[in-house]
Amino acid sequence: MVFRRSVLLAAVVLFLPLASAQQNQRNVFPGRRVGGGTRGECSARVLAHLVPETSVFSPAPTGDLALVRGPSAQPVPLAVTFRAQRGEAEEDLRRMPARPAGITLLRVPPIREAMVWESAFACESDDSTTADDLSFVETASPPALSLLVAVSEPGDLPVQQALAGLRQQCGASVPTAETLASFGLADLATAQWPKHLPVDCPDSAR
């Protein structure tokens with residue numbers, strides 16, 4: 001019994017600095033869960049991370065994340081990067097093809113250290129079929145920017161549950177207004193948006 005109490009006390013002592021540091025990160029991270037919004041067809045296109053309003057999120061153990069693309073007459077490819085908030089770890093860059101309005105689900109490994117998640121359209125690419133990787137990541141579209149952390153808070157749970165629901169709709173479509181509202185993004189659903197959004201899950205096999 002004494003041994004178990006000692007182990008528990010040690011775990012609490014180790015957890016408290018991590019939780020305290022994460023709380024500070026949640027308070028000061030300059031996130032922006034909705035990107036786009038500047039002039040121009042491409043750079044004004046809405047791109048949003050489906051995370052809490054603070055733009056700081058702890059994924060469920062499944063590692064599910066999601067982003068939503070707004071409508072566009074000329075869709076372009078999308079760059080999604082994950083990098084350690086601190087340190088010099090290699091970036092995880094994922095290139096996604098041009099798509100119309102819709103939702104994309106992603107999966108990431110378990111978060112151990114805070115990670116910065118950034119997504120942006122390749123607005124500088126005139127020809128998305130021939131653009132190389134270097135020109136692709138040069139973008140004029142303001143990115144969506146979020147921080148992924150290891151320790152969950154109560155505000156993460158509704159988002160985790162909503163993402164689990166979206167995972168069940170891979171390959172299908174979901175109602176636009178209702179889905180955006182479930183993430184606190186109802187104001188994005190203007191008349192230009194389609195009534196339903198397709199859900200694609202390129203990381204399903206991960």
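Trainee: In which strand does alanine 144 lie?
Mentor: This is a predicted model in which local features need pLDDT of at least 70 and side-chain atom pairs count only at pLDDT 80 or more, while totals for chains, interfaces and linings use all residues. Residues are numbered from 1 along each chain as its sequence is written, and side-chain values use heavy atoms, with hydrogens and water left out. Helices (H or I, at least four residues) and strands (E, at least two) are DSSP runs numbered from the N terminus. On that basis, the run at residues 144-148 contains alanine 144 and is strand 9.

Trainee: Is alanine 144 buried or exposed, and what is its relative accessible area?
Mentor: Buried means under 20% relative accessible area, exposed over 50%, and partly exposed in between (1.4 Å probe, protein chains only). Contacts, meaning heavy atoms within 4.5 Å, link alanine 144 to residues including Leu47, His49, Trp117 and Ser119, with those up to four places away in sequence not counted. Alanine 144 is buried, its relative accessible area being 0%.

Trainee: How far apart are the C-alpha atoms of alanine 144 and alanine 48?
Mentor: Along the chain, the two residues are 96 residues apart.

Trainee: Which strands stand at the edges of the five-strand sheet?
Mentor: The sheet is open, with the order 3-9-8-5-6 and mixed pairing; two strands pair if DSSP finds at least two bridges between them. Strand 3 (56-57) and strand 9 pair in the parallel sense over two bridges, and phenylalanine 57 stands opposite leucine 148. Each edge strand has a single partner, so one side of each is left without a neighbour in the sheet; these are strand 3 and strand 6.

Trainee: What phi does serine 55 have?
Mentor: Serine 55 is found in the loop between strand 2 and strand 3. It counts as buried, at 2% relative accessibility. Although serine 55 is not a glycine, its phi is positive, at about 70 degrees.

Trainee: In the six-strand sheet, which residue is the bridge partner of serine 173?
Mentor: This open sheet has the order 1-2-4-7-11-10, with mixed pairing. Strand 1 (34-35) and strand 10 (173-175) are its edges, each with a single partner strand, so one side of each has no neighbour in the sheet. Strand 10 and strand 11 (residues 196-200) run antiparallel and are joined by three bridges. In strand 11, the partner of serine 173 is proline 198.
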